[in-house]
Amino acid sequence: MNPLESQRHAFQIPDAVHWLNCAYMSPTPRAVEEAGIQALVASRDPSGLSGSGFFEPAERIRSAFARLLGVPETAQRVSLIPAASYAIATAARNIPIGRGDEIVHLQDQFPSNVYAWRRLATERGATVRTIPRAPTAAGWNVRLLEAITPRTRIVAVPHVHWTDGTLFDLEAVGQRVRDVGAYLIIDGTQSVGALPMDLPAIQPDLVAAAGYKWLMGPYATGLAWWGERLLDGIPLEENWIARKGSSNFAGLVDYVDDYAPGAIRYDVGERSNFLLLPMVEAALALLLEWQPERIQDWCRRLMAPALAELEGHGFHTAPVTDRGHHLFGLSLPAGLEPATVQEQLRAAGVHVSLRGTAVRISPHVYNTERDLEALVDVLLSP
C-alpha cells in the first residue's frame, strides 16, 4: 500500500481552523465545491439537459459506491437516498417480523438506526433489545453476539459507534445473524468511506450511509447498498423513474407495475438532483483515489505522536484494536470538565465534539501535524 500524505491542499480550510470533527461534518473538498458551482451555472439554461442526464449520473454514482465498498459487480444493489434513516425505514417496511420476535441494537446507538425499529416493534408486537456497553470493545462484541438468538429477527448496528469509535466485529456478527436466520442492518454513516468493510464476509442486508460526513458530499444526500433478500421489496414512495422503461419519456403514460432491476426502486424521489449529484460523484472520485485503507493509515500515523504525549499526562483512549483510527473518544484526567475543555479548544480554533464524558476526535486527510500541535497545546496548558 502506497502511504497517503496530507491532502490539505484539496480543501479550503482556513489556516486558523483545526477541524478534527469530520464525524460531525466534512469540510467540502475543492473538487466537490467546483462540481457544485458548475452544476449551478449549468442550471441557468436547462436547454442543455438531455434525457440521459436524469439517469447516467446516478448510474455512475452507483458504480463508484460499489467500487468504494469493494464489490464493483454489485452496482445495481445501490440506491440513492437523502439520509441513512430513509434506507433504514425502507428496510423496516420490508422485513417480515411478528409477535415475540426481537430486534437487537446497541446502547446509545445513533437515533436514525433506532426509531424505525421501535415503531416496527410497536406495530408488530416485537421486542427491542438494547445491548449495554461493556468496559472493552471485545466485551461489547461478546455481549452483542450472545444476544443474537433464534428469536432475533433484526440486528441493527453500526460499524463503529458514533460516540467513541468502538469497533464492532461485523464478520462475526454477520455469521451469527445468518446462523439464526435474522437480518443485518448496518448504519455505515460513521465508517463508510474512511474504514474498509468486507461485504462478502459480512453479508449484510443493508449498509446505509449519510453523504455529508466520511463520504465528503453535500448534506441531504446518501447511499445505500442492499443485500439480495431485500431487493424485491416495496419502496417508501412510487417514483416514475424507478420503473422499467422510464428512460422513454414519451411512454411514461403507459404505466407499468415492474420496477427497474436491483435497488433502483429504493431511490428517493427526484433522485436525479442536478445540483447535488455532481458533488456526490466528485466526492466519490476523491475517496476512490485516497482509499479507506490509506485513510486509516494516515489517521493512525498522524495521531500516534499526539496520543502518546497525551496519554503520558493522564488522557486515555481505547486500544487501537478496539476502535477506528478516524474516530475515537479521548477521556480526560480527573478534574478536567469536558464542556470547559471544549470551549478552550474552540477558542484556539480546535474543533471537536463532546459525546458523553469524552472528547470525540475525528481526523481526516486534510489534517496536519499543526492541527495536532494545537490540540495538545490546549489540553496540556495549565
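## A serine in helix α3

S85 is partly exposed, with a relative accessible area of 33%. That value falls between the cut-offs of 20% for buried and 50% for exposed. The model discussed here is predicted. S85 belongs to helix α3, which covers residues 84–94.

S85 can also be set against R323. Along the chain, 238 residues separate the two.

Strand β8 covers residues 222–226. Five of its five residues are buried, so the strand is largely enclosed by the rest of the structure. Which way do the residues of β8 point? G222, A224 and W226 point one way, while L223 and W225 point the other way. In a regular strand, side chains alternate between the two faces of the sheet. In β8, the residues pointing either way are all buried.

Two strands pair with β8. Strand β2, residues 78–81, is joined to β8 by four bridges. Those two strands run antiparallel. Within that pairing, V78 stands opposite W225. Strand β7, residues 206–210, is joined to β8 by five bridges, and this pair is antiparallel too. Here A210 has G222 as its bridge partner.

## The loop between β7 and β8

M216 lies in the loop between β7 and β8. Its phi is near 60°, a positive value in a residue other than glycine. Is M216 buried or exposed? M216 is buried, at a relative accessible area of 2%.

Y219 is placed in the loop between β7 and β8. Y219 is exposed, with a relative accessible area of 56%. Together with Y24 and M25, Y219 makes a nonpolar surface patch of about 350 Å².

## Another positive phi

E270 is not a glycine, yet it has a positive phi of about 55°. E270 sits in the loop between β8 and α8, the latter being residues 277–290. E270 is exposed, with a relative accessible area of 76%.

## Salt bridges around R133

The structure holds 15 salt bridges. In one of them, the side chains of R133 and D108 meet at 3.3 Å, N to O. R133 lies in the loop between β4 (127–131) and α5 (137–147), and D108 in the loop between β3 (102–106) and α4 (115–124), so the pair ties together parts 25 residues apart in sequence. R133 counts as partly exposed at 26% relative accessibility. D108 counts as partly exposed at 41%.

R133 also forms a salt bridge with D164, and the closest N and O atoms of that pair are 2.9 Å apart. D164 lies in the loop between β5 (152–158) and α6 (170–180), while R133 is in the loop between β4 and α5, so this pair ties together parts 31 residues apart in sequence. D164 is partly exposed, with a relative accessible area of 22%.

## A helical pair and a network

R119 and E123 form a salt bridge, with their closest N and O atoms 3.8 Å apart. How many residues apart are R119 and E123 in helix α4? They are four residues apart, which means a separation of about one helical turn. Both R119 and E123 are exposed.

Salt bridges also link E59, R62, D267 and R271 in a network.

## A negative surface patch

Five acidic residues gather in a patch of negative charge on the surface: E5, E309, E369, E373 and D377. Which helix gives the most to the negative patch? Helix α11, residues 369–379, does, with three residues.

E309 comes from helix α9, which covers residues 292–311. E309 is partly exposed, with a relative accessible area of 39%. Membership of a patch requires over 30% relative accessible area and no salt bridge.

Note on methods. Residues are numbered from 1 along each chain as its sequence is written. This is a predicted model: local features need pLDDT of at least 70, side-chain atom pairs count only at pLDDT 80 or more; totals for chains, interfaces and linings use all residues. Side-chain values use heavy atoms; hydrogens and water are left out. Buried means under 20% relative accessible area, exposed over 50%, partly exposed in between (1.4 Å probe, protein chains only). Two strands pair if DSSP finds at least two bridges between them. Patches are made of residues with over 30% relative accessible area and no salt bridge: like charges are joined within 9 Å, nonpolar side chains (Val, Leu, Ile, Met, Phe, Trp, Tyr) within 5 Å. Accessible areas come from the Shrake-Rupley method with a 1.4 Å probe; for residues, only the protein chains shown count as cover. A salt bridge is a side-chain nitrogen of Lys or Arg within 4 Å of a carboxyl oxygen of Asp or Glu. Lys and Arg count as positive and Asp and Glu as negative; His and the chain ends are not counted. The place of a charge is taken as NZ of Lys, CZ of Arg, CG of Asp or CD of Glu.
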